[in-house]
Amino acid sequence: MGGYLQVSTDVGEVIGGRSGEDENALPLNPKIITAHLTTLKPVRDGTPIIAIDVSSVKIGETERGILCAIRGAIVWNERGKYGYLRVGPFPFHITEENKREMVELARFHHPSMAASLLRLADVQDRLSKLMERWLQMSICCSSYGSIILWDGSLTAGTPDTPVSLLTRLLEIARRNGNSILAFSKVTNVRLLGRRITDLIWKYPPPCVLRLDDLTTLMKGQIRVMGNVYVVKLCRGGLPFRLDVDGGIPHSQGVLAIERILGNEILYQGYPETLRLAHILSTFTASEVIGIQRFIAERYNLKVIVRPSVRRMLFGPFGTRFED
Amino acid sequence: MRLYKKVGDTVQILSFPDEEVEKGSYLIIEDEKTGRGLITQVIDVQFANVPGIMEELLRDSAADEFMNGRDFDPFNAASHILYIQDSRILISKIRGMVEGGRLRVNNSWLPSRTRSTIRRLPIDSLIKLVRIERKFPINLGETRESSQLVIDARALDGKLNIITGKKGTGKSHLSKLLILGLVEHGATVVVLDLNGEYTSLGLKADGSKNRYHSKIHILKPGVNFKVALSRVNLPVIMRILTYSLDLPGISSREFRRIWRFLKERGSLSLHSLGEAIMGWKCNQHVKDALYSRYYALLHSNLFTDNLAESIDFGVFLRRMKGGGAVIIDLSDASPLDRKIIVEYILGKVQELLAQWKLRALFLFAEEAHLYLRETYWDDIITRMRHFGLFTTFITNQPNTIRENIYRQADNIFLFNFVNEHDLEIISRAARVDVDTVVSIVRDLPPHHCLLLGDVVKDFPIVVKVRDLDIQTMGETRLFFTKEKVEAGKGLIASL
């Protein structure tokens with residue numbers, strides 16, 4: 001390749017990276033909603049629990065574009081024994097010249113948006129999403145009778161998640177007897193101005209609040225493809241928005257949640273497999289430096305440290321992370 | 001390796017796992033543009049403060065503990081990540097500067113961080129650079145690079161040396177090596193052997209004679225080392241009475257009179273001395289004091305009236321023309337007798353040196369605090385070395401040697417110490433900075449020694465002291481012998 005690799009001086013302790021997304025930008029604010037509160041009972045039946053998460057991180061810049069790395073993690077829990085498969089990191093060089101090709105590779109090209117309008121960082125997100133969907137597809141196809149946990153929500157119709165793709169994923173999972181559950185760490189869905197996760201605070205755990213009318217909500221092409229719940233799984237734990245495959249009956253959805261309760265370790269009310277998947281896919285600062293070194297060595301790039309403009313301008317007040 | 005930081009005389013160098021550098025290694029930071037090089041010595045190796053490393057370790061430990069997993073990493077990026085995580089910071093001390101291939105004293109020069117290259121400086125190259133001569137070679141052993149470290153015996157000549165380290169690290173072994181090295185080059189050596197460790201210097205490990213055998217003389221006080229009182233000069237006997245036996249001033253005056261009286265009559269002997277004290281007209285207390293000292297001299301068995309069984313220590317030393325070592329075996333001597341014997345030897349040696357009957361003498365004193373008087377320490381570092389007495393102290397208790405001795409020592413041979421208090425004491429040595437001593441000495445394996453001072457031209461070097469084919473006598477006598485341990489194993493098996 002030759003040339004230079006420009007890296008930022010601002011390398012924090014943990015870079016973290018873009019990890020899927022918690023909840024696709026769905027600005028829902030329904031006026032009427034029907035909610036059913038159900039108390040949960042743990043079901044200890046040894047159902048395997050599998051979680052998938054993907055992270056991406058910007059490694060640096062070249063004279064032609066950006067360099068990023070993507071890594072995915074699959075973590076499973078089978079009768080209390082945990083295992084994992086980490087896939088990557090895969091480095092990508094995204095340039096103005098190759099971004100169309102990249103987006104087409106992702107096959108989620110949004111007809112309304114020309115590739116030329118996409119920022120390079122958006123292409124990074126698309127690639128990350130592509131890998132996430134690929135891992136999800138692999139698990140949906142190869143697992144039977146399992147609970148599959150995703151990070152985020154079951155929202156479709158976004159540029160990187162067409163309705164057809166998500167529908168297909170859910171169908172395959174269902175055919176193999178799997179239940180897909182998506183946990184959102186943060187939700188923007190509000191009811192009467194309040195976050196839906198606030199609705200469950202006062203109820204004793206473990207409990208689940210079913211929000212029936214959200215499934216039918218649509219905004220443009222964006223659709224919620226699952227039954228939306230708010231769950232609080234353990235005492236002292238946090239409430240989360242939980243989307244369960246809309247193709248399975250409510251009772252089966254609640255049973256899947258009860259199986260998580262019975263077969264999974266919960267940390268602050270969050271499933272351990274999903275937590276581990278996130279931890280294993282996330283990039284630490286030392287990994288970013290290692291990948292920078294790998295790329296510089298393999299492609300004969302000279303690493304140049306880009307001074308932080310914010311730091312230069314604002315000194316100690318220029319603290320926001322720069323792309 | 002890359003130059004990272006300089007603070008005072010310390011530079012920090014970033015090093016990667018495939019660059020093998022350990023404590024004590026020398027590095028040269030070369031700046032081609034200026035034609036200069038900075039010689040530094042690694043005194044500590046630390047992990048580089050890589051950002052995110054704590055999170056990485058936490059994640060890995062969690063994954064290792066209760067998860068089975070694998071990584072699909074087709075680009076093998078993990079190896080680069082591990083490479084970064086294992087990077088190290090070498091804390092190094094600036095030892096000198098090279099310009100045009102010659103050593104210069106200019107530690108203020110700072111090489112370029114971006115332009116300079118860093119490489120390991122082999123000890124052999126360092127020795128050539130700093131011009132450590134080998135005209136009178138003593139091979140001490142191997143450096144960590146497996147090259148032989150040979151010092152020049154002249155670096156011990158006229159010098160005050162200290163060999164110290166905790167028990168069982170090889171101090172006596174090194175001193176034996178130095179003694180034989182000096183003997184090899186024709187030097188006269190006197191060893192004050194507290195535990196009889198040096199008595200086999202003339203024998204190989206298998207008990208046969210080695211090439212030094214004829215030059216090693218073992219003197220055991222009371223056995224083959226007795227002195228005729230008539231051959232002892234008054235100043236020597238007065239030193240013994242004053243410093244070893246604490247004879248008060250008035251009593252000393254009376255003793256002098258008695259001695260001169262007997263000398264003038266030509267009847268100076270142990271027997272006549274005893275009788276003279278008994279019959280001397282003086283204060284009863286003085287008489288008692290003199291008589292008690294007389295008995296101490298008598299029971300030391302060092303003195304005799306029988307000329308046939310006595311030796312003239314001065315003549316004995318002067319006969320060793322081609323060099324040799326006299327081992328004074330003090331292993332069976334009581335503390336008081338030890339003091340009398342040592343005081344006699346030092347008095348005699350001083351007399352011989354002052355009269356130029358001896359040119360110079362190397363004295364090896366093990367655990368000297370057990371038999372040397374307080375004032376003698378100052379004598380050694382001030383007066384005695386001008387007479388030609390060059391002392392090497394050997395001790396495992398560094399606090400028994402006073403700070404001013406450390407400060408004026410020309411060579412220090414340091415073995416391992418881990419005790420903070422001991423490290424603090426030895427770090428007072430003026431030949432090197434505290435950090436070097438504390439950091440390197442703490443991690444020295446047994447038989448490895450840090451050399452400081454003239455022998456290495458003030459470039460501290462770690463050496464693994466070589467084996468000697470001599471019979472070992474310094475081993476501690478144990479109750480649980482090998483045979484008993486083997487028998488014990490059988491007993492355990494039967495249970």
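User: Hi! In strand 8 of chain A, which residue is the bridge partner of Ile52(A)?
Analyst: The bridge partner of Ile52(A) there is Trp150(A). Strands (E, at least two residues) and helices (H or I, at least four residues) are DSSP runs, numbered from the N terminus.

User: Before I go on, what kind of model is this?
Analyst: This is a predicted model: local features need pLDDT of at least 70, side-chain atom pairs count only at pLDDT 80 or more, and totals for chains, interfaces and linings use all residues. Residues are numbered from 1 along each chain as its sequence is written, while chains are lettered from A and ligands numbered from 1 in the order in which they are written.

User: Thanks. How many bridges join strand 5 of chain A to strand 8 of chain A?
Analyst: Four bridges join strand 5 (residues 49-61) of chain A to strand 8, and the two run parallel. Two strands count as paired if DSSP finds at least two bridges between them. Strand 8 of chain A also pairs in the parallel sense with strand 10 (residues 179-184) of chain A, over five bridges.

User: Let's zoom out. How many helices and strands does chain A have?
Analyst: Chain A has seven helices and 21 strands, and 47% of its 323 residues are buried. Chain B has 15 helices and 21 strands, and 41% of its 495 residues count as buried.

User: Where do the two chains meet, and how many residues does each give to the contact?
Analyst: Chain B gives 23 residues and chain A gives 24. Contact here means that the C-beta atoms of two residues, placed from the backbone, lie within 7 Å. On chain B, helix 1 (53-66), strand 5 (67-72) and helix 2 (77-85) each supply at least two residues of the side that touches chain A. That side of chain B divides into 12 nonpolar, five polar and six charged residues. Ala, Val, Leu, Ile, Met, Phe, Trp, Tyr, Cys and Pro count as nonpolar, Asp, Glu, Lys and Arg as charged, and the others, Gly among them, as polar.

User: How many bridges join strand 7 of chain A to strand 5 of chain B?
Analyst: Six bridges join strand 7 (residues 81-95) of chain A to strand 5 of chain B, and these strands run parallel.

User: New topic: what is the order of the open sheet of 11 strands in chain B?
Analyst: The order is 10-9-21-20-19-11-18-17-12-16-13, with mixed pairing. Strand 10 (148-152) and strand 13 (216-219) of chain B are the edge strands, each pairing on one side only. Within chain B, strand 12 (residues 188-193) and strand 17 (residues 361-366) pair in the parallel sense over four bridges, and Leu192(B) stands opposite Ala365(B).

User: Which residues touch the most other members of the largest nonpolar core?
Analyst: They are Ile179(B), Val189(B), Val191(B), Ile327(B), Ile328(B) and Leu414(B), in a core of 127 residues. Helix 10 (residues 335-354) of chain B gives this core its largest share, eight residues. Apart from this core lies another, of 82 residues, among them Trp150(A) and Ile196(A). A nonpolar core is a set of buried Ala, Val, Leu, Ile, Met, Phe, Trp, Tyr and Cys residues joined through C-beta atoms within 7 Å.

User: Last one: which residues of helix 14 of chain B are buried?
Analyst: In helix 14 (residues 434-442) of chain B, the buried residues are Thr436(B), Val437(B), Ile440(B) and Val441(B). They cover an arc of only 95 degrees around the axis, so they sit on the same side of helix 14 of chain B. The arc is taken from the directions that lead from the helix axis to the C-beta atoms. What covers these buried residues includes strand 4 (36-47), strand 6 (88-99) and helix 13 (420-426) of chain B.

Technical notes
A residue is buried if 20 or more other C-beta atoms lie within 10 Å of its own, exposed if 12 or fewer, and partly exposed in between; C-beta atoms are placed from the backbone.
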